[in-house]
Structure formats: structure tokens, C-alpha cells
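Open the model in your viewer and keep the selection panel at hand. The stops follow below.

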Amino acid sequence: MTRALLAMDTAACLRVAGDRTGAATTAAGVWARLPRGYREGLIRSRAQLLRQ
């Protein structure tokens, strides 16, 4: 779970740096690899922030 959160943070940094494609690719990859039970809480909130 920690690695997934760090990868989402990396995606957020990419977005701030202007690499929206890299951010989306990173976030989608993290989301796809997580089991459904882990797609709530912090992961979901960070993914939603990226989406905005």
C-alpha cells in the first residue's frame, strides 16, 4: 500500500510539473494493479485530486 501511495504522489508531482500524460499513466497503472479492496481511502482521494 505504501508503494501505491508513493506512486500516486509521484503522479501528482508529474502533474504539477506539467506532464499530464505521465501523471495519468502513472496513476492509472497504480489503480489497475491494486486489488479492489485497496482502492478506497487515501488512494481514492489522491486519485480524485489528480482527476480534478
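Axes here are lines fitted to C-alpha atoms, for helices over the stretch in contact, and angles run from 0 to 180 degrees between N-to-C directions. Helices are DSSP runs (H or I, at least four residues), numbered from the N terminus. This is a predicted model: local features need pLDDT of at least 70, side-chain atom pairs count only at pLDDT 80 or more, and totals for chains, interfaces and linings use all residues. Residues are numbered from 1 along each chain as its sequence is written, and side-chain values use heavy atoms, without hydrogens and water.

Colour by pLDDT (the predictor's confidence in each residue, from 0 to 100). The chain mean is 93, and 100% of residues reach 70 or more. Confidence is lowest in α3, at a mean of 90, and highest in α2, at 95.

Select α1 (residues 2-16) and α3 (residues 42-51): they pack at about 10°, with axes 10 Å apart. They are therefore roughly parallel (angles under 35 degrees).

Now show the contact (heavy atoms within 4.5 Å). From α1, pick residues including Leu 5, Met 8 and Arg 15; across from them in α3, the partners include Ile 43, Arg 46 and Leu 50. By class, this contact has 10 nonpolar, no polar and 3 charged residues. Nonpolar means Ala, Val, Leu, Ile, Met, Phe, Trp, Tyr, Cys and Pro; charged means Asp, Glu, Lys and Arg; the others, Gly among them, are polar.

Methods. Helices (H or I, at least four residues) and strands (E, at least two) are DSSP runs, numbered from the N terminus. Angles under 35 degrees count as roughly parallel, over 145 as roughly antiparallel, 65 to 115 as roughly perpendicular and the rest as oblique.
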